[in-house]
Amino acid sequence: RKKENKARRDAWRSENYRKTPLSAKDGEAIRGIQKAIAAHPLAAPLLRGGISEVAAKWHDKGTGLLCKAKADYWRRDRRLIVDLKTTSDASETGFAKSVATYRYHVQAALYSEGFRACGEEIDHFVFIAVEKVAPYAIAIFSLDSEAMETGRILAHREMETIAECLKTGTWPGYPVRITELKLPRWAL
């Protein structure tokens, strides 16, 4: 709150305008995650020999929409996209819930399709799931064909919706009707 501290803060911000300050706790977690990945016998090699933060841009054939995907890591030699996810639970059951909740299957299908549309052969998409707290446990997952197909269907359905909204200028939110609302059981 002191004047000199505010001046130091403002000077740092102007010199580092593209940087995001982290708390000591977040910085410690990031270093812990980096160490855990580097020590993991499968995760570490997956993240070597490729390129990080690779973008693919393409026009969707069905809708004409311009699409973009930004892969965390791409291994052309293995026809592989690697996506790093932090999670509270990297167990098979826990991460499956995250995939469904955060729609990672849609992301995996769309990114794979996008890289293919740009002329790249993608045979594999894997998630490195890292728990957010020490000891930063790691599990590696790929999606089965049913999950990838579901993701592809959902991605295309939503692109069709976006294309229609762009065409009509109408962006619906909730239904235009009066809906009878019931209280949740716990409130009764």
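**Notebook: a predicted model, element by element**

I began with N5, which I found in helix α1 (residues 3-15). Helices here are DSSP runs of H or I with at least four residues, strands are runs of E with at least two, and both are numbered from the N terminus. I note that this is a predicted model, where local features need pLDDT of at least 70, side-chain atom pairs count only at pLDDT 80 or more, and totals for chains, interfaces and linings use all residues. Residues are numbered from 1 along each chain as its sequence is written, and side-chain values use heavy atoms, with hydrogens and water left out.

*Two surface checks*

The cut-offs are under 20% relative accessible area for buried, over 50% for exposed, and partly exposed in between, with a 1.4 Å probe and protein chains only. I then took the C-alpha atoms of N5 and T20: they are 15 residues apart along the chain and separated by 18 Å.

Next I went to G62, in the loop between β1 and β2. G62 has 72% relative accessibility, so I logged G62 as exposed. From G62 to T170 I count 108 residues in sequence and 20 Å in space, C-alpha to C-alpha.

*The sheet*

In what order do the strands of the open sheet lie? I read five strands in the order β1-β2-β3-β4-β5, with mixed pairing. β1 (51-59) and β5 (138-142) are at the edges with a single partner strand each, so one side of each has no neighbour in the sheet. From one strand to the next, the twist averages 40°. I counted two strands as paired if DSSP finds at least two bridges between them.

I went through the pairs in turn. β1 and β2 (residues 66-75) run antiparallel and are joined by eight bridges. Within this pair, H59 has L66 as its bridge partner, and A56 has A69. The β1-β2 hairpin has six residues between its strands, and G64 in the turn shows a positive phi of about 80°.

β2 and β3 also run antiparallel, joined by three bridges. Here W74 is bridged to I81, and R75 stands opposite L80. Their hairpin has four residues between the strands, and R79 takes a positive phi near 55°.

β3 and β4 pair in the parallel sense, over eight bridges. I found D83 opposite F127 of β4.

Contact means heavy atoms within 4.5 Å. α5 (residues 104-117) lies across β1, β2, β3 and β4, at about 140° to β4. These axes are lines fitted to C-alpha atoms, for helices over the stretch in contact, with angles from 0 to 180 degrees between N-to-C directions. I also checked cover on β3: six of its eight residues are buried.

*The cores*

A nonpolar core is a set of buried Ala, Val, Leu, Ile, Met, Phe, Trp, Tyr and Cys residues joined through side-chain atoms within 4.5 Å. Which residues touch the most other members of the largest core? Of its 27 residues, I listed W58, W74, I81, F95, F115, F125 and F127. β1, β2, α4, α5, β4, β5 and α6 (145-168) each give two or more residues to this core. α5 gives the most, six residues.

I81 got a closer look. Leaving out residues up to four places away in sequence, I81 touches A71, Y73, W74, Y111, S112, F115, I122, H124, F125 and V126. I also found a second, separate core of 14 residues, including A36, A43, Y73 and I138.

*The largest pocket*

Which residues line the largest pocket? I wrote down D26, A29, I30, I33, Q34, L84, T86 and K132. A pocket is an open set of points on a 1 Å grid over the protein atoms alone, where a 1.4 Å probe fits, with protein on both sides within 12 Å along at least five of seven lines; lining residues have an atom within 4 Å of a point. α2 (24-39) and β3 each give two or more residues to the lining. α2 gives the most, with five residues.
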